[in-house]
Structures are given as C-alpha cells and as structure tokens.
Amino acid sequence: MVMDGPRTEPRIRVGGGWTSGLVLANLGLYMAFLTPIQVLLAEQIDAIDPSGKEIALGWATGVGALVAVVANPLAGALSDRTGGRFGRRHPWILGGAVAGAAGLAVTAGQSTVVGVTLGWCLAQLGLNAMLAGANAVVPDRVPVAQRAAVSGWIGIPQTLGLVVGALLVTSVVTDTAAGYRLLALLVVLCALPFVCLTRDPQVPRESRRTTALRPGAFWVSPRAHPDFGWAWLTRFLVMLGNAIGTLYLLYFLKDAVHYADPDEGVLILTLLYTAGVVVTAVAGGIVSDRWGRRRALVSMSSVVMAAASLLLTFWHTWPVATAAALLLGLGFGAYIAVDQALITQVLPSAGDRAKDLGVINIANSAPQVLGPALAAPVVAYAGGYAGLYLTSTAVTLLGGILVWRIRSVP
C-alpha cells in the first residue's frame with residue numbers, strides 16, 4: 001500500500017485465485033439474498049395468504065430492506081474498527097454468513113406473514129454484515145485500474161446467484177422450507193474458501209478507525225462530498241427502477257402475460273437476464289478500465305435498462321418479456337461493473353471505506369422499501385402493469401442522466 005493523496009490506494013494487482021474466491025463468496029451471498037425474494041418468499045406468502053399476497057409480499061420484503069438500510073452501514077463502520085490477527089473484513093464475511101444462515105432457517109419454519117417477515121429481517125441482518133465486508137475488500141485490495149474488471153466478475157453472481165438458487169430450490173428440493181435450509185448451508189460453504197485461503201492484512205492501530213460511533217458518523221454531506229452524493233442518488237434511482245420492475249415478476253407472468261407456468265417463466269427470464277449480464281459485466285469492466293472512463297458507460301447501460309422496461313409498458317406478451325429480460329441483463333451487467341468502480345473512486349475516506357460503501361448500499365436497499373410502496377398503488381390504481389413499467393422506465397432513465405453531475409471521475 002502507498003499513500004495517494006488523502007486516501008490509501010492499493011497498487012498491486014490481485015490474482016485470479018483471489019478474485020475467484022470473492023466471486024464464490026458473492027455467489028453464496030446473492031443466492032441467499034435473491035432466491036427468497038424472487039421465489040421462496042413469494043411462494044411461502046402465496047400459501048399463507050393467497051388473496052392478499054401482493055401486499056403481504058411487499059410488507060415482508062419492504063421491512064426486510066428497511067433492516068438492511070440500517071444493518072449494512074452499521075456493520076461496515078464496525079468492520080472499519082475491527083482489529084485482531086484475522087483482519088477486519090474476514091470476520092464479518094464469515095460471521096455474517098453464519099448469522100444470515102440462521103435467519104433463513106428461522107424463516108423456513110414460519111406459518112404466518114408476521115413470522116416470515118421477522119425471520120427474513122434476521123436473515124437480512126446477517127447477510128448485510130457479510131455484504132459490508134465483501135464490498136470493502138475491493139477498494140482495500142484492488143487497484144483503481146483493475147477495479148471495474150474485478151467488479152464485473154463480482155457482478156455476475158448478483159444474477160447468477162438467483163439462477164443457481166432458483167434451480168436448486170425448484171429442482172433439487174421438494175418444498176419451500178427445504179429450499180431455505182439449502183440456501184443457509186450454501187451461504188456458509190461458499191464463504192469459507194475466501195476467508196480461509198486469502199489474506200486479510202491486519203490494519204495497524206494507528207491507521208484504524210477508533211472514534212466512537214454516533215448517528216452523525218453515518219452522514220456523508222453531499223455539500224462537502226458532492227460526487228459521493230450524486231453517485232448515491234444515481235445508484236438509488238437505477239435500483240429503484242429495477243425494484244419497481246422486478247418485484248411482481250411472478251404475478252406479472254401469471255396475471256398479465258397469462259403464462260401457463262409462472263414459476264418456470266421466472267426461471268427462463270432469469271436465465272436470459274443472466275446471459276445478458278455475463279456477456280457485458282466483465283467486458284464492460286475491462287473496456288472501462290482501459291478507456292479510463294466511467295460515466296458514459298454508466299449512462300448508456302441505464303438507457304438500455306430503461307428500454308427494456310419500456311417494452312413491457314406496451315406489450316404484455318411472452319416473446320416481448322423474453323426480449324426485455326435479455327436487454328435488461330445486457331444493460332445491468334455493464335452498469336453494475338462500471339458504476340461500482342466509479343463509486344469506489346468517490347469514497348470520502350480510505351479509513352471509512354466499509355461504512356461509506358454501507359451508506360451507498362442504502363441506495364440498493366431503500367428501493368426495496370420504496371419499490372413496493374410505489375408499485376402496489378400503481379398496479380392497483382394507476383394503469384396496472386403498463387403504469388408500473390412506465391414508472392420503472394422513467395426512474396431508470398433519470399438515474400442514467402444524473403450520473404453526468406459527477407465531476408471527479410471521467
């Protein structure tokens with residue numbers, strides 16, 4: 001490590017083994033995060049309250065996301081202050097995986113909407129602690145010139161996790177409870193290789209955050225750090241567009257497209273979406289690292305995602321849904337790789353990386369709270385699914401435009 005202005009930036013490129021271990025850890029993490037939201041929670045709540053499933057699912061995912069909004073920056077701040085010979089990130093990655101697994105196991109045994117919501121909140125606590133540590137190791141260890149490519153590899157599990165998870169819970173196990181338990185086991189197993197086989201250098205006490213945690217410590221002033229503020233807002237808008245457009249996918253296929261087997265339909269669309277992500281995630285990251293520019297690629301990928309939502313605004317058919325899924329994946333793959341690299345370049349302080357990335361993660365989690373609150377009334381009272389996807393289009397496009405307000409990153 002060398003000092004680079006006010007922040008400490010790594011200069012030694014990471015190898016394939018390090019990246020592979022982090023990709024595997026993220027695969028387990030996103031299987032545990034996304035499969036319940038897209039498949040297990042929807043099925044479990046449909047069985048508990050079929051007549052009110054839309055509102056009940058919105059409550060469960062929304063309250064869980066609210067927990068994530070608090071848990072991620074808090075775990076990040078604690079990670080920044082963690083010492084000991086095991087490093088400051090590895091204990092949170094493994095400990096969070098274990099706690100998240102416990103939450104999934106609790107959720108598996110619930111038979112009421114309230115019980116499901118509480119179990120999912122416990123899972124969110126643990127999984128967000130794991131996410132805080134996993135996100136921070138990239139700016140800790142990866143040079144700026146390699147960061148978008150590594151972020152591209154890490155972005156693939158964000159969609160592949162849902163594909164693998166959905167395949168496992170629909171093909172390998174026979175019921176919802178077994179699906180939760182399988183994910184609980186896998187999130188821990190996938191974390192172990194990275195934690196056990198890679199180094200997490202101990203941070204000297206003089207370089208470690210030692211100030212007491214107060215509510216004000218989590219506020220990053222957009223006036224003092226405008227680029228961080230714009231990066232947060234643009235991520236929030238794009239992820240809000242995503243949340244609005246994907247939360248009711250199972251119900252959209254069932255009630256608007258009238259697809260014969262909605263569960264199978266979700267799996268097919270997810271496979272197409274993942275194929276698009278795989279095509280553009282690493283490639284987009286490599287192009288961005290070599291070109292040295294981030295904003296143009298973030299903006300273009302947001303436009304592609306908005307176009308996918310626009311298709312579903314006007315055509316509620318299976319062929320259009322498949323085309324939109326592939327287009328959305330192509331846009332999201334490049335977006336998540338390049339935008340994540342951009343964000344690491346506008347963090348206010350090297351000593352608060354995990355905490356500040358946790359604040360950024362609020363832009364990922366808060367849309368899961370606001371998404372259901374916005375989506376449910378739109379579907380019910382403001383144009384149905386056409387109104388829903390038009391809203392998604394507008395919000396995503398706005399996020400792609402505002403990224404140009406960031407000045408310090410080309």
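Which residue forms a salt bridge with Lys355? In this predicted model, the partner is Asp356, with the closest N and O atoms 2.8 Å apart. Both Lys355 and Asp356 are buried. Pairs like this turn up because side chains of opposite charge can pair when their charged atoms come close.

Stepping back to the whole fold, the protein chain is built from 13 helices and two strands. For 410 residues, a compact globule would have a radius of gyration near 22 Å, and the 20 Å found for the protein chain agrees with that. Some 60% of the residues count as buried. As for contacts between residues at least 6 apart in sequence, 84% of them join residues at least 24 apart.

Now back to the charges. The chain carries 27 positive and 20 negative ones, and the mean positions of the two sets sit 14 Å apart. Across the whole structure, a search turns up seven salt bridges. In one of them, Arg89 meets Asp140 at 2.6 Å, N to O. Arg89 belongs to the loop between α2 and α3, while Asp140 is part of helix α4, so this pair ties together parts that are 51 residues apart in sequence. Arg89 and Asp140 are both buried.

Another salt bridge brings Arg235 and Asp339 together at 2.8 Å, N to O. Finally, salt bridges with shared partners join Asp80, Arg88, Arg89, Asp140 and Arg353 into one network.

Technical notes: Residues are numbered from 1 along each chain as its sequence is written. This is a predicted model: local features need pLDDT of at least 70, side-chain atom pairs count only at pLDDT 80 or more; totals for chains, interfaces and linings use all residues. Side-chain values use heavy atoms; hydrogens and water are left out. Helices (H or I, at least four residues) and strands (E, at least two) are DSSP runs, numbered from the N terminus. The radius of gyration is taken over C-alpha atoms; the globule rule is 2.2 Å times the number of residues to the power 0.38. Buried means under 20% relative accessible area, exposed over 50%, partly exposed in between (1.4 Å probe, protein chains only). Contact means heavy atoms within 4.5 Å. Lys and Arg count as positive and Asp and Glu as negative; His and the chain ends are not counted. The place of a charge is taken as NZ of Lys, CZ of Arg, CG of Asp or CD of Glu. A salt bridge is a side-chain nitrogen of Lys or Arg within 4 Å of a carboxyl oxygen of Asp or Glu.
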